[in-house]
Amino acid sequence: MSNAPWPPGTATAIGSMPGADPLEAAAVVLGELPDLPHLPELPGRGLGTDLVGRSAGLLVDIAVEVVPSGYRVTARPGADHRRAVDQLRRDLDAFEQAIEQAGRPSLVKVQVAGPWTLTSEVELPRGHRVLTDPGALREFGESLADGLARHVAEVRKRTGADVVVQIDEPSLPSVLAGVLPTPSKLGTVAAVAEPDARDGLAALVDAARRASDRPVVVHCCAPRPPVTMIRAAGADAIALDATLLEGTPAVFTDELGEVFDDGCVLFLGLVPSTAPATPLTLERAARPALDLVDRLGFPRETLAGRAVPTPTCGLAGATAGWARRALALTRDLGKAFVEPPESW
């Protein structure tokens with residue numbers, strides 16, 4: 001993708017941060033990731049602030065409540081739904097305040113659960129997953145698209161920045177494999193056919209692109225995410241954990257090479273999401289990215305414009321000190337992709 005709106009050497013993060021102070025999280029993100037800061041998620045505050053609850057709060061004319069098994073559709077917005085909406089509003093207030101102190105970025109990234117992750121994690125009133133009901137699945141997709149468009153407009157208005165949307169699909173491989181348990185736990189939900197999964201994801205990718213007029217990123221942290229399907233759904237960039245690529249089958253490497261050759265940008269998870277047992281050097285952090293382009297047959301210089309370093313996943317489980325350090329290392333990796341040290 002030659003028309004990426006971020007400059008070569010840009011770095012970013014996946015989404016979540018540790019702690020419960022949105023102003024502190026926003027200040028760290030804006031300070032360490034100036035080219036592509038993200039609106040932080042703080043799931044440590046509890047239900048309603050995790051990826052699924054936060055995304056459910058964006059739904060238009062659909063409300064959820066918290067039940068012992070997780071999130072469930074309810075007839076009208078109650079305290080649980082209002083809490084998710086209010087927490088996101090507080091996050092936006094804090095981000096706006098932090099921008100006044102740090103300076104206005106030209107781009108801001110926001111994250112939302114994809115249609116398959118959201119509908120696999122939210123239950124219908126009788127306990128079955130939303131994705132098992134075609135009508136409910138369609139309504140959720142439309143509602144999420146409308147809510148995301150409103151969210152993008154709100155972020156753009158508050159920050160004065162263009163908005164890049166990241167669609168998180170951690171549950172997509174399980175949906176495709178048919179391994180999600182039924183309410184009784186005695187069976188599994190039928191696998192979703194890949195063409196149907198592609199079309200469902202494509203609808204949200206298209207909605208995100210219409211709302212933002214910017215490239216759309218799809219993130220999946222599974223060891224072998226369905227990159228060909230994600231690219232076919234229209235993703236301009238794919239975010240994955242690059243530290244899990246060693247030893248992957250040749251067929252997956254070929255798929256990754258094809259989407260990269262097709263112009264897809266790779267957001268490469270390189271910095272651990274929690275503090276490693278031994279100090280991490282920049283070269284060791286970069287190694288999976290260097291090995292990947294070597295294996296795919298692309299010059300290492302390609303990383304400067306076609307790869308964006310990130311932590312391996314969200315940083316919610318990190319200490320505050322490691323979260324800051326991880327973002328700084330990620331930023332330094334982006335710079336090193338443009339001007340590699342002689343030792344590389």
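Predicted model: local features only at pLDDT ≥ 70, side-chain atom pairs only at ≥ 80, totals over all residues.

Q: With which residue does Glu123 form a salt bridge?

A: A salt bridge pairs a side-chain nitrogen of Lys or Arg with a carboxyl oxygen of Asp or Glu, within 4 Å. Here the partner of Glu123 is Arg72, and their closest N and O atoms are 2.7 Å apart. Arg72 belongs to strand β2 (residues 70–74) and Glu123 to strand β4 (residues 122–123), so the pair ties together parts that are 51 residues apart in sequence.

Q: How many salt bridges does the structure hold?

A: The structure holds 19 salt bridges. Among them is the one between Asp93 and Arg158, whose closest N and O atoms are 2.8 Å apart. This pair links distant parts of the chain, as Asp93 is in helix α3 (residues 79–102) and Arg158 is in helix α5, 65 residues apart.

Q: Is Arg158 buried or exposed?

A: Arg158 is buried, because its relative accessible area is 17%. Asp93, by contrast, is partly exposed, with a relative accessible area of 39%.

Q: Which salt bridge does Glu96 form?

A: Glu96 forms a salt bridge with Arg158, and the closest N and O atoms are 3.0 Å apart. This pair also links distant parts of the chain: Glu96 is in helix α3 and Arg158 in helix α5, 62 residues apart. Glu96 is partly exposed, at a relative accessible area of 28%. Elsewhere, salt bridges that share partners join Glu32, Arg324, Arg331 and Asp332 into one network.

Q: Where is Glu100, and is this residue buried or exposed?

A: Glu100 is placed in helix α3. A residue counts as exposed when its relative accessible area is over 50%; Glu100, at 63% relative accessibility, therefore counts as exposed. Its C-alpha atom is separated by 33 Å from that of Thr281, a residue 181 places away along the chain.

Q: What does Val163 touch?

A: Contacts are read from heavy atoms within 4.5 Å. Leaving aside residues up to four places away in sequence, Val163 touches Val108, Val110, Val152, Val155, Arg156, Ser212 and Arg214. Val163 lies in strand β5 (residues 162–168) and counts as buried, because its relative accessibility is 0%.

Q: Finally, what is the phi of Lys185 and of Asp213?

A: Lys185 has a positive phi of about 70° although it is not a glycine. Lys185 is found in the loop between α6 (172–177) and α7 (194–212), and is exposed, with a relative accessible area of 61%. Asp213, likewise not a glycine, has a positive phi of about 55°. Asp213 is found in the loop between α7 and β6 (216–219), and at 59% relative accessibility it counts as exposed.

Notes: Residues numbered from 1 in each chain as written. Heavy atoms only, no water. Helix = DSSP H or I, 4+ residues; strand = E, 2+ residues; numbered from the N terminus. Buried < 20%, exposed > 50% of the residue type's maximum accessible area, 1.4 Å probe, protein only.
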